[in-house]
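Have it open while you read.

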Amino acid sequence: MNDMTPPKTAADQMCLGVTERLRPILRDVRDMVQNDILPIEKQWHHETETAADRWAHTEWQTAKLEELKSKAKSKGLWNFWLTKTGLTASDKGFGLTTVEYAHLAEQMGWSHLAPEVFNCSAPDTGNMEVFEKYGTEEHKKKWLEPMLEGKIRSAYLMTEPDVASSDATNLEFKAEKDGDEWVLNGEKYWSSGAGDPRTKVYILMARTEAKGDFDRRHKQHSMFVVPADTPGISKLRAMTIFGQDDAPHGHLHMKFENVRIPADALLIGEGRGFEVSQGRLGPGRIHHCMRAIGQAERALELLCQRAVSRKAFGRPLAKLGANYDIIADCRIGIEQARLLCLKAAAMMDTGDTRAAAPYISMIKVAAPNVALKVIDEAMQMHGGVGISQDTPLAGMYVQMRTLRYADGPDAVHRMQVARKELRGYSNKK
Ligand SMILES: Cc1cc2nc3c(=O)[nH]c(=O)nc-3n(C[C@H](O)[C@H](O)[C@H](O)COP(=O)(O)OP(=O)(O)OC[C@H]3O[C@@H](n4cnc5c(N)ncnc54)[C@H](O)[C@@H]3O)c2cc1C
């Protein structure tokens, strides 16, 4: 937040679900994001662009990140994602509600660097939830504990290049039992975070029963825990997004050839992969959406600063053409999206995940699209510099555009919403 940003009023702070216990945490997170994290973003990108090895953090990046993580930890601003709902280990976190966490996710969403500082970044939070909910004691010791400490990272491997992966019943990557081991063969695509050398473990979905019986299509896949250094795994290439490879995090295309993992690498049981993936993706989507709202707020702030500080045709840009309408529509869109996201979070907090599902789908369509619209308008208000390296907006746009695919494309979520809406009508004349 810079000098041109108006202070938030008391009314702003009284937003739905900002409880007394949340208020100081929210303030501390916002302070760190605005004062410690946003100011280092430019240097961070410069380091990545000029690094000798782009697939590792530079010394400066490592030192900075660890310094910020230590600061967050020492203030107790750590592992907020361990919310009350559905988790048994809430004693390890704050025991916040999903609604409370959603407000924090919005603040962390302002910078792509922020979630990791508070150990709240994707895909780790979802993967930690998997270990927490479905892992054995050994999984928890080996993987969950160092992840909770922020010492290692992880990736989630579901999507494949050769099948339409938005329908996960299509997945063909094979896991076959051989004595006491499972043997993995196939390719995975868009494995976010697999480029980071600190990523030590993958959660991977594989087919364990042949295709054929349609009624069993949700029982033919299983979820596995795979150490990243297991022999037979090759990193084929980093996928690019509008030409950017997102190093060192990366979204990798990977190949598994006769990769052998022990029997206990299977999570909760053969054929229960969908159960695990559904347990993982629900809260994660809400977190993504609230971070998207944080991005939209940041873009609108930049838009307004530009609109009042630059003149054309003798007047501030804000007063030209339809710019009042544009600014108003951005604000209206953000407020609508936030409320829908908080409703989805509140539905999660009831514990009824089936009832929450359509709301999660609704916000998964709404939030990225609202954020994209606001970022697009902010770029436009900046003129040419809006799509250059001199503002964060172009990078924000690119990252936000990916959210219309990741964790399920818009169309699939729309299908879920419409199906729910139509339920109960089908037998009526
Ligand atoms: C930056 C980025 C990061 C990602 N990270 C990960 C990750 O970490 N792990 C992982 O496993 N995957 C990841 N993904 C993959 C993402 O989840 C998939 O791209 C997504 O699920 C869609 O699968 P697909 O690409 O195979 O598209 P397809 O399934 O081929 O779908 C293509 C298009 O078909 C249309 N379509 C599909 N279903 C319907 C429908 N029901 N109604 C109407 N139209 C429909 C939609 O327009 C859709 O976009 C990531 C993707 C991106 C871009």
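1. Start with two helices, H9 (residues 273–309) and H10 (residues 323–349): their axes come within 10 Å and cross at roughly 160°. An angle over 145 degrees counts as roughly antiparallel, and H9 and H10 are therefore roughly antiparallel to each other. The crossing of H9 past H10 is left-handed. Keep in mind throughout that this is a predicted model.

2. Which residues make that pairing? Sorted by class, the H9 contact with H10 has 18 nonpolar, two polar and three charged residues.

3. H9 has another partner, helix H11 (residues 353–381). The axes of H9 and H11 come within 8 Å and cross at roughly 20°. Angles under 35 degrees count as roughly parallel, and that makes H9 roughly parallel to H11. This crossing of H9 and H11 is left-handed. The residues in the contact of H9 with H11 split into 21 nonpolar, three polar and four charged.

4. H11 and H13 pack with their axes 8 Å apart, at an angle of about 140°. That makes H11 oblique to H13. The H11 and H13 crossing is left-handed. From H11, the contact takes Ala357, Pro358, Ser361, Met362, Lys364 and Val365; from H13, it takes Asp410, His413, Arg414, Gln416, Val417 and Lys420. By class, that comes to five nonpolar, three polar and four charged residues in the contact of H11 with H13.

5. Stepping back to the whole protein chain, it is divided into domain 1 (10–148), domain 2 (153–267) and domain 3 (274–422). How far apart are the C-alpha centres of domain 2 and domain 3? The answer is 29 Å. Where these two domains touch, 11 residues of domain 2 are in contact with eight residues of domain 3. On the domain 2 side, that surface has seven nonpolar, four polar and no charged residues.

6. Next, the ligand. It is surrounded by 21 residues, and the closest are Met158, Ala164, Ser166, Ser192 and Ala411. By class, the shell around the ligand has 13 nonpolar and eight polar residues, with no charged ones. Why say that the ligand lies between domain 2 and domain 3? Because both domains give residues to the shell around the ligand.

7. Two cis peptide bonds deserve a look. One runs from Ala122 to Pro123, with omega near 0°. Pro123 lies in the loop between helix H6 (114–117) and helix H7 (124–134). The peptide bond from Ala247 to Pro248 is also cis, and its omega is near 0°. You'll find Pro248 in the loop between strand E6 (233–238) and strand E7 (251–262).

Terms used
Residues numbered from 1 in each chain as written. Predicted model: local features only at pLDDT ≥ 70, side-chain atom pairs only at ≥ 80, totals over all residues. Axes fitted to C-alpha atoms, helices over the stretch in contact; angles between N-to-C directions. Helix = DSSP H or I, 4+ residues; strand = E, 2+ residues; numbered from the N terminus. Parallel < 35°, antiparallel > 145°, perpendicular 65-115°, else oblique. Left-handed = near helix turned anticlockwise from the far one by under 90°. Nonpolar A, V, L, I, M, F, W, Y, C, P; charged D, E, K, R; others polar. Near = placed C-beta within 6 Å. Domains from an automatic or database assignment. Contact = placed C-beta atoms within 7 Å.
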